[in-house]
Amino acid sequence: MDQEQTVTGKSIFRIDGPPKVRGEAKYAAEYKVPDLLHAYVVTASIAKGRILSIDLSAARQFPGVVEILSHKNRPWFWPVSFLYKDAAGPPGKPFMPLYDDRVHFSGQPVALVIAESYEAARDAAALVGVTYKAEPHATDLARSPAFIPRKHRIGVAPVPHPTGDADRAFASAPVKIEAAYTTSPENHHPMELFATTVEWGDNIVTVYDKTQSPKSVELFLKVAFRLIGRKVRVVSSYVGGGFGLGLRPQQSVFLAVMAAKSLKRSVRLVLPRDHMFALGYRANTVQTVSLAADEKGRLQAIRHKAIAATSQFEDAQDPILLFSASLYRCDNVKLNYELAKLDTVSPCDMRAPGAATGMFALESAMDELAYALGADPLALRLTNYTERDQSENRPFSSKALRECYAQGSERFGWDKRSHAPRSMREDKELIGWGMATGAWEAAMSPAPARAEVRLRSDGKFEVTSSITDIGTGTYTILSQIAADELETPIERIVVRLGDSALPFNPIQGGSWTAATSGAAVQSACRKLKAKITSQAKKAGVLDRRPGTELLSASALADLLKLRRGGELSATGTMFSPPFGKRFSSATHAAVFAEVRVDEELSVVRVTRIVCAVAAGRILNPTTARSQIIGATVMGIGKALHEDTAYDHNLGRCMAHSFGDYHIPSNADVYDIDVVFVDETDTQVSPLGVKGVGEIGVVAVAPAIANAIFHATGQRMRDLPITIDRLARARSRAS
Amino acid sequence: MAAAPNTAHRVAYTINGVIRVATVEPGVTLLDLLREEFDLTGTKKGCDHGQCGACTVLMNGHRINSCLVLAVSRSGSVVTTIEGIGTSDGLHPLQEAFVKHDALQCGYCTPGQICSAIGLISEGTAKTRDEIREGMSGNLCRCGAYTGIVDAIEEVMAAVSDAESLP
Ligand code: FES
Ligand code: FES
């Protein structure tokens with residue numbers, strides 16, 4: 001097939017678009033199941049302590065209530081915590097809802113009301129009276145002792161080793177800055193509420209779940225609930241966003257299956273928005289960055305220390321410092337990564353976990369250094385550009401970051417920027433331009449992925465894989481890959497995903513789905529093509545004239561007829577690449593932001609963002625661009641709005657709705673311009689793909705913070721940069 | 001939806017051109033009536049508090065948050081949900097524009113966005129991109145598809161003002 005006819009790399013409309021705009025796409029809470037019961041969770045109002053008693057008398061009498069479960073009457077669990085481990089869990093003991101009388105965090109489920117209707121379950125839940133014996137709690141990161149995690153989290157890149165002597169180099173360098181930065185806890189808040197519908201059957205339990213990994217939920221449920229003899233099928237055909245919160249089997253699926261198992265009935269549990277604050281969060285951090293340079297701006301020392309929140313029961317770890325040693329050329333690097341235990345739920349990976357918080361500090365510090373040097377912030381990055389990953393002492397599989405800087409700055413008009421803070425304004429608004437660099441791992445999944453492709457009797461090819469599409473465009477790109485491999489129009493490809501009965505795939509995270517699941521589809525299609533070609537040759541129905549499809553629909557029908565209904569299929573497997581890579585692989589981005597700050601009111605508007613991305617081969621510019629735009633919007637939220645604020649006296653998160661946890665709305669988002677920079681990479685993955693799910697968010701918050709400095713002269717080192725924080729900084733300064 | 005006989009009420013709505021009746025408890029929202037009783041799950045629940053717009057439907061031609069309406073309170077109303085927009089074989093121009101401008105990712109906010117956009121266009125007050133942004137700010141999208149949403153609405157709006165009415 002020549003370049004003209006291929007669909008991979010072209011802007012194909014999202015194939016799941018039509019069912020979604022029609023409202024036909026079914027999400028976890030939307031499957032019609034006969035005899036369905038509804039559940040509602042009662043949550044703990046203290047942060048730490050014990051449940052002394054639970055008064056169910058009023059709730060039990062509420063019309064429609066069928067059962068109320070708590071730690072006292074729940075079905076038996078394995079008493080060993082490792083059986084509740086999941087593919088994305090950090091070291092520690094996973095949280096098990098309703099396990100015992102201990103309260104580990106505010107918002108923890110303590111009882112589950114199951115009723116004939118949603119309203120009855122909800123209203124009865126309000127009547128459950130729980131008395132506690134509270135114990136002193138800790139939810140304030142700044143006051144909690146930090147420690148170096150003893151067990152390393154599998155799958156997360158280790159903190160790079162120190163190089164040179166950063167302390168000495170810092171002390172003797174002519175230009176230096178040192179500053180502390182903090183980031184607030186954030187919640188993922190996909191628009192779809194976490195929900196599970198369990199269809200209970202004697203032989204098969206079908207679980208419609210909101211997850212980023214039907215397969216790991218299936219395995220988890222089989223072990224945790226001893227459903228080994230039964231068939232368990234987890235279906236997540238459409239997932240209303242995940243952003244990492246669906247990487248682990250969630251409380252919702254745990255509780256819904258527990259209820260279904262104990263009642264032998266079908267049950268639906270939809271968590272309300274306020275409960276979603278206690279499912280997992282992006283760890284808040286306290287960071288210190290010290291940078292030193294010579295007079296020419298060449299980095300002499302980088303020190304970066306991060307303390308991140310975790311729960312009492314798990315040591316959640318994120319690659320916060322991953323790029324601090326590899327992004328710039330510097331011989332003396334020292335990194336420290338510590339955790340502090342809080343009485344909260346465990347943090348849970350959120351879009352570009354670690355990098356999005358660590359790079360806020362590093363890239364803000366680079367901007368501070370640029371001003372200390374009197375240098376242009378972009379020029380400083382170029383001065384310290386590196387073609388090698390110094391921390392690993394190896395080359396990058398590809399790195400077109402230089403082109404990102406060039407194309408992004410040109411598109412933005414960076415050369416027209418005046419260097420001094422507060423030097424640009426229009427009417428009442430100060431204008432600021434800032435930039436930052438982004439990086440994210442370009443990885444293949446460490447677990448293998450499989451896919452099957454089958455020639456159906458109607459002449460269509462059906463591609464199946466258990467991987468989900470959480471809005472990322474997976475349905476679409478897998479169709480494109482299959483169409484090209486099978487040399488057939490995309491209309492003849494049918495893709496079925498998000499079902500644990502389909503071929504095994506790992507969790508949908510790490511931006512590795514396109515590279516990993518895509519390669520499995522590629523391999524399955526290649527095998528099927530070989531099979532078909534040889535059989536068609538034998539049967540004499542092969543048409544190999546140039547420019548024709550591999551097989552016309554009628555030829556395929558003939559072939560299937562000859563086979564008397566025997567279907568043709570092939571399975572492909574993508575094994576993770578062997579350990580000890582000879583190169584480092586990463587996606588890169590350069591983000592340029594314009595803010596306008598109302599001088600009197602300190603209201604910030606992010607009026608323009610240009611994001612130039614180098615992410616290897618782009619399978620579909622339309623869906624990839626949407627990924628970057630969406631991540632940019634999340635980055636705006638991180639920079640200006642999102643804060644899971646705690647009342648440390650109560651140990652309780654004060655935000656409980658979109659009214660007090662602000663995510664960007666339409667009016668907060670102006671122009672976002674995405675540039676994909678050409679980057680050919682033959683080593684990173686079989687398809688040359690690096691993944692685009694996360695890179696978009698990394699550099700947005702520092703670019704905005706740097707733009708705010710440029711506009712106002714205020715260096716804002718604590719995220720989010722809310723109006724009150726900015727106003728306070730201004731009044732302190734004047 | 002089991003109901004205690006002494007508190008339940010009969011309600012009737014014309015939904016997507018069809019008269020639907022049900023017996024509901026006073027605490028049931030129009031949103032839950034649509035989703036749980038009538039299996040019209042195209043209307044989404046994202047907050048249940050009137051804060052996200054995922055549940056937007058058209059009631060008597062106006063966009064409303066169906067989670068803020070108790071089913072018993074507006075019996076007799078005419079409701080259009082996403083299932084009533086477009087025809088069985090064709091997409092409504094806004095649905096088409098949403099696909100064309102990739103104004104969605106996960107799709108969960110999308111039915112609400114489309115219903116809200118239809119309401120916005122018929123209100124006729126939004127003319128500029130900024131006004132569209134403002135007028136659509138009751139519909140949150142965590143996937144961040146806002147720029148595509150505004151592009152889609154702007155395109156359809158221009159076509160409407162050319163043709164003076166929606167097809
Ligand atoms: S569900 Fe009605 S506004 Fe969110
Ligand atoms: S498309 Fe996912 S929330 Fe809007």
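Tutor: Helices and strands are DSSP runs, numbered from the N terminus. With that settled, let us read the predicted model before us.

Student: Which residues lie nearest the centre of the largest cavity?

Tutor: Of its 19 lining residues, Phe95(A), Arg248(A), Pro249(A), Gln250(A) and Gln251(A) lie nearest the centre. By class, the lining of the largest cavity has 13 nonpolar, three polar and three charged residues. Domain 2 and domain 3 of chain A each contribute at least three residues to this lining.

Student: Which elements supply the lining of the second largest cavity?

Tutor: Strand S1 (37–43) and strand S12 (267–270) of chain A, along with helix H1 (30–37) of chain B, each give at least two residues to that lining. The second largest cavity has about 150 Å³ of space. Among its 15 lining residues, those nearest the centre are Ala29(A), Val270(A), Arg35(B), Glu36(B) and Lys45(B). This lining divides into eight nonpolar, one polar and six charged residues.

Student: How many disulfides does a search of the whole structure find?

Tutor: A disulfide is a covalent bond between the sulfur atoms of two cysteines. Over all chains, the search finds zero disulfides.

Student: Why does Cys525(A) count as buried?

Tutor: Buried means under 20% relative accessible area. Cys525(A) counts as buried because its relative accessibility is 0%. Cys52(B), at 1%, therefore counts as buried too.

Methods: Residues are numbered from 1 along each chain as its sequence is written. Chains are lettered from A and ligands numbered from 1 in the order in which they are written. This is a predicted model: local features need pLDDT of at least 70, side-chain atom pairs count only at pLDDT 80 or more; totals for chains, interfaces and linings use all residues. Side-chain values use heavy atoms; hydrogens and water are left out. A disulfide is a pair of cysteine sulfur atoms within 2.5 Å. Buried means under 20% relative accessible area, exposed over 50%, partly exposed in between (1.4 Å probe, protein chains only). On a 1 Å grid over the protein atoms alone, a cavity is a set of points where a 1.4 Å probe fits but cannot get out, and a pocket is an open set with protein on both sides within 12 Å along at least five of seven lines; lining residues have an atom within 4 Å of a point. Ala, Val, Leu, Ile, Met, Phe, Trp, Tyr, Cys and Pro count as nonpolar, Asp, Glu, Lys and Arg as charged, and the others, Gly among them, as polar. Domain bounds come from an automatic or database domain assignment. Grid points are joined across faces, edges and corners, and a volume is the space filled by probe spheres set on the points. Helices (H or I, at least four residues) and strands (E, at least two) are DSSP runs, numbered from the N terminus.
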